[in-house]
Amino acid sequence: ERSELPKLLVAIDRETADPYQRAYFRFLLYTGCRRSEALKLKWADVTLAPKPTDGAKVADAQPSTVTFKDTKAGTDHSVPLSATAAALLRALPRLAKNPHVFVGHVAGEPIQSPSKAWQRIRKKAGLEQLRIHDLRRTFGYWLGDAGFTSKQIGSTLGHKSDITSRVYMALGDQSKRAAVDAVEKMMAGKTATVAKLPATA
């Protein structure tokens with residue numbers, strides 16, 4: 001539930017001193033991606049729009065995106081980033097000899113075992129039954145609450161279905177952008193509504 005979000009975010013910040021682990025858990029909330037997709041994410045697959053400056057038109061800027069490679073669905077999956085998610089990645093230090101976004105303690109490798117930190121976090125937040133994968137489900141639930149259709153949610157989360165995969169492709173990036181922006185608003189306690197999308201052929 002959204003009422004539990006503040007204490008979860010506080011616990012993430014307090015129960016690990018590692019900036020990459022803190023960013024990793026928040027990133028899962030902001031994007032709804034699978035835990036393995038985030039762990040394997042490399043900077044080469046991240047496009048960050050220039051940081052907005054005073055007077056700049058954010059809407060005119062190239063959108064920030066990430067592309068998850070070789071996903072569970074068997075294909076690459078690109079997702080636009082909300083402003084909050086993009087700022088999260090901009091703040092992370094990049095290591096010259098490590099291509100991964102969420103750097104682990106082994107040279108050149110990503111985070112190896114986020115589960116230990118997660119156990120501390122969920123205990124601190126009083127959410128001891130909450131699994132890392134539940135962050136992805138939470139993202140989907142929030143989209144459902146905002147009124148997005150199952151097809152729109154599936155497109156954003158990268159679900160694969162023999163029946164609806166063509167529909168997911170037809171919805172495209174505009175639907176995904178509306179979805180991640182809606183979750184960002186809901187996390188901030190604001191009301192999110194479904195954006196009206198143009199009809200597809």
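Guide: Let us start with a term: the rings of Phe, Tyr and Trp count as a pair if their centres lie within 6.5 Å. Please keep in mind throughout that this is a predicted model.

Visitor: Which residues form one aromatic cluster?
Guide: The structure holds five aromatic pairs, and rings that pair have their centres within 6.5 Å. The residues that form one aromatic cluster are Y24, F25, F27, F68, F102 and W118.

Visitor: Are the planes of F25 and W118 stacked, edge-to-face or tilted?
Guide: Planes under 30 degrees apart would count as stacked and those over 60 as edge-to-face, with the rest counted as tilted. The ring centres of F25 and W118 are 5.2 Å apart and their planes stand at 40°, so this pair is tilted.

Visitor: How many residues apart are F25 and W118, which this pair links?
Guide: F25 lies in helix 2, whereas W118 lies in helix 5, which covers residues 115-124.

Visitor: Is W118 buried or exposed?
Guide: A residue counts as buried when its relative accessible area is under 20%. The value for W118 is 2%, so W118 is buried.

Visitor: Is R14 buried or exposed?
Guide: R14 has its place in helix 1, which covers residues 5-14. A relative accessible area over 50% counts as exposed, and because the value for R14 is 61%, R14 is exposed.

Visitor: The ring of which residue does the charged end of R94 sit over?
Guide: The charged end of R94 is 3.9 Å from the centre of the ring in question. That ring belongs to W43.

Visitor: What is the mean pLDDT of the protein?
Guide: Where pLDDT is low, the predicted coordinates should not be read in detail. Here pLDDT stays under 50 over residues 162-172, and it stays under 50 over residues 197-201 as well. For the protein, 80% of the residues reach 70 or more, and the mean pLDDT is 81.

Technical notes: Residues numbered from 1 in each chain as written. Predicted model: local features only at pLDDT ≥ 70, side-chain atom pairs only at ≥ 80, totals over all residues. Heavy atoms only, no water. Phe/Tyr/Trp six-rings, centres within 6.5 Å; stacked < 30°, edge-to-face > 60°. Helix = DSSP H or I, 4+ residues; strand = E, 2+ residues; numbered from the N terminus. Buried < 20%, exposed > 50% of the residue type's maximum accessible area, 1.4 Å probe, protein only. Lys NZ or Arg CZ within 6 Å of the ring centre and 35° of its normal. pLDDT = per-residue confidence, 0-100. Contact = heavy atoms within 4.5 Å.
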